[in-house]
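Here are some notes on the model you sent. They are set out as numbered points, starting from a single side chain and moving on to the contact between the chains.

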Protein chains: 2
Amino acid sequence: MAHENWTIHPVADASLEREIIARLNNLTKPVGSLGLLEELALRYLLCKRRVDAPLSMMQIFTLAGDHGITDEKITPYPSEVTYQMVLNMVRGGAAISVMCRKAGIGCTVVDMGVKGAFHEQPGLLIRKIAPGTRNFSKEPAMSEKECLKALDVGSQLAAGSGCDLLGIGEMGIGNTSSASALYSLLLDVDPLETVGIGTGSVGVMLERKKQAIMAGVSLHKKAASGSPLEALRRVGGFEIAGLTGMILAAAESRIPVVVDGFVASAAALAAIRMEPETRGYLFFAHASAEAYHETFLKNEGIRPILSLDMRLGEGTGSLLAMQIIAQAMECYHRMATFQNAGVSGKEE
Amino acid sequence: MAHENWTIHPVADASLEREIIARLNNLTKPVGSLGLLEELALRYLLCKRRVDAPLSMMQIFTLAGDHGITDEKITPYPSEVTYQMVLNMVRGGAAISVMCRKAGIGCTVVDMGVKGAFHEQPGLLIRKIAPGTRNFSKEPAMSEKECLKALDVGSQLAAGSGCDLLGIGEMGIGNTSSASALYSLLLDVDPLETVGIGTGSVGVMLERKKQAIMAGVSLHKKAASGSPLEALRRVGGFEIAGLTGMILAAAESRIPVVVDGFVASAAALAAIRMEPETRGYLFFAHASAEAYHETFLKNEGIRPILSLDMRLGEGTGSLLAMQIIAQAMECYHRMATFQNAGVSGKEE
């Protein structure tokens, strides 16, 4: 199993960085007073390798898939909710649909492997690998072929998006279990640390969730050792592998990606482990309320843009963070300079 | 000096709160998974005392004024920058103008007491009390009449705004000194704790700033004791008193207010000290990078919506937080319920 032809350029460029900072410092505001917004603008422009790169076209992709691990009765919502929520998203009733409409940002929902069959319809792409993964507590979630196909589908979505900036999210009953197992395998962390309540698994259900993830991690640990791709195949999901593929291809095309919460970050971690330079192209939208996410961000030295105790997924955190990045770029491009506004600079 | 006819109703209403939470819990998402957004929606609706209150009309008011304390040479930018930045805002080149335009939210700049004379023009209201306050390190910044007039102007702006939600910001070279002194007087905190770099006062300039604020606080401490209004008059500014008036009148009219950073929060603190029930109507937009702001928020038990290391003022933090509140209300009003979307609820 191999897909090693990603060519991801480092974002660092000292000379370009100096040029961008000089522009930022010439805008009509005290130096550095836009705080993180200035850093976001700088990072965006370094990704684009252009001092004057616009930010016009933004898009959210919400990838959906079902998970065999739900056989273990580890979620309070039945598996059919994945299918129902995809329809809800496409019809405009889900949180991500409502927020995207308000923000004027498009949302494309992608069936990567939902159990039920959809009709083709606007806003929904059908790229079903299979109707749900297998139960990773007992066997690998995906075959090699399935996992590579999911990566390729994601890769094509990103490369063909025509976007300046991508936001990614997911929907899939059971996928926080998959994400927890993936963190545990990739970071060698006890599942008891990476597991959280997900959509609301508490009490005996949470105990079952822990047991299922522990069983899966211990089953796949040896085979997945040293291979992030193999870890992804064994405990990931179609939507998670799709996101990993999107991230790798986006980074290759210099399209920065705004990563949502707990599940999307697990996909991002897999991408980073496969190609470390990918990290420069990622904006982590928010610190999720899902237990392990904040620890993960802290350990990796990542400062999320927002911290709103959200744990919904779908790309909702990405969308809110994209509004902030868009404002940062708007300031960069549209604010007056001290010279053209006739505003006095600092006195000596 | 007295203006005690504010009638501000408590926002708390247990029965309405239950009704709002029931609606939130019926939206197609795991219970509580929108995190702080759900709390923002709840608080907004409690302010409005209506389970179905819309959020349509939003507006930013940026109040500007000059400060006599700049005679002490405590800022790197000359006083004329207040005037120049007001023009820059009106012409669309300032950060707040750029962000408001992008967000589709109106911005009204108000001359509360800038040194130069403006022509009337769209987007600018001239409500000049006087061309700058007096040097509070040597005498009271405002006369009683001036301070009451500034409160009244602010009050009329808010009451006549026709807004569902107001964002407030300020511009005024020297006004972080004024705000520091106000925090020190109202909270009985050493000025060495409340002072920060403002637009960029460092080294000997920062030392002069500290000395000036300490002199002012010690000069006015006794007279201002027990009277927030007197503290405001003695060390505040026209724009700060205007914001205090806006906040009090907005709360009286059940219009919640999104408070910007360090300076606007000092105005809010004065309002809260005058009328404690005001606090229920306030959303604190962000934790500013200006030194004392985070400590203030923490001590008061306030969780800001954002934390982006911004320290620009103008209402820029308010604007970004209003985009979040708007999304929270959009979700509240437009998301499908489990019933109407045909999504299965939790299994037992």
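**Notes on the predicted model**

1. R303(B) has a relative accessible area of 39% and is therefore partly exposed (buried is under 20% relative accessible area, exposed is over 50%, and partly exposed lies in between, with a 1.4 Å probe and protein chains only). Its partner is D309(A): the two side chains meet in a salt bridge, 2.7 Å from N to O (a salt bridge being a side-chain nitrogen of Lys or Arg within 4 Å of a carboxyl oxygen of Asp or Glu). D309(A) is also classed as partly exposed, because its relative accessibility is 35%. D309(A) sits in the loop between α12 (291-299) and α13 (316-334) of chain A, and R303(B) in the loop between α12 (291-299) and α13 of chain B, so this pair joins two chains. Helices here are DSSP runs of H or I with at least four residues, strands are runs of E with at least two, and both are numbered from the N terminus.

2. On the basis of these values: this is a predicted model, in which local features need pLDDT of at least 70 and side-chain atom pairs count only at pLDDT 80 or more, while totals for chains, interfaces and linings use all residues. Residues are numbered from 1 along each chain as its sequence is written, chains are lettered from A and ligands numbered from 1 in the order in which they are written, and side-chain values use heavy atoms, with hydrogens and water left out.

3. How many residues does each chain bring to the contact? Chain A gives 56 residues and chain B gives 56 residues, contact meaning heavy atoms within 4.5 Å. The area buried between the two chains is about 4800 Å², and carbon and sulfur atoms give 59% of that. Buried area is the accessible area (1.4 Å probe) that two parts lose on being put together, summed over both. Y77(B), L308(B) and Q327(B) supply 12% of what chain B buries against chain A, more than any other three residues.

4. The rule finds 4 salt bridges across the interface of chain B and chain A. One of the salt bridges in the model is that of E330(B) with K102(A), where the closest N and O atoms are 3.9 Å apart. Between chain B and chain A there are also 18 residue pairs in polar contact, both residues at pLDDT 80 or more. A polar contact is a pair of N or O atoms within 3.5 Å; within protein, one must be able to donate a hydrogen and the other to accept it, and residues adjacent in sequence count only if both atoms are side-chain atoms.

5. Which elements give two or more residues to the side of chain B that touches chain A? They are α2 (36-48), α3 (80-90), α4 (95-103), α13 (316-334) and α14 (338-341) of chain B. The largest share, 9 residues, comes from α13(B). By type, the residues on this side of chain B divide into 30 nonpolar, 16 polar and 10 charged. Ala, Val, Leu, Ile, Met, Phe, Trp, Tyr, Cys and Pro count as nonpolar, Asp, Glu, Lys and Arg as charged, and the others, Gly among them, as polar.

6. Chain B superposes on chain A by a rotation of 180° with 0.0 Å of shift along its axis, at an RMSD of 0.0 Å. The two copies are thus related as by a two-fold rotation axis. The superposition is by least squares on the C-alpha atoms of residues with pLDDT of at least 70 in both copies. In chain B the C-alpha nearest the axis belongs to L306(B), 3.3 Å from it. The same surface serves both copies, as 100% of the contact residues of chain B recur in chain A.

7. Over all chains, the structure holds 26 salt bridges. Among them, R233(B) pairs with E230(B), with the closest N and O atoms 2.8 Å apart. Both residues lie in helix α9 (residues 228-235) of chain B, 3 residues apart, about one turn of the helix. Are they buried or exposed? R233(B) and E230(B) are both buried.

8. T194(B) is placed in helix α7 (residues 191-194) of chain B. T194(B) is buried, with a relative accessible area of 0%. The side chains of T194(B) and S184(B) are joined by a polar contact of 3.0 Å.
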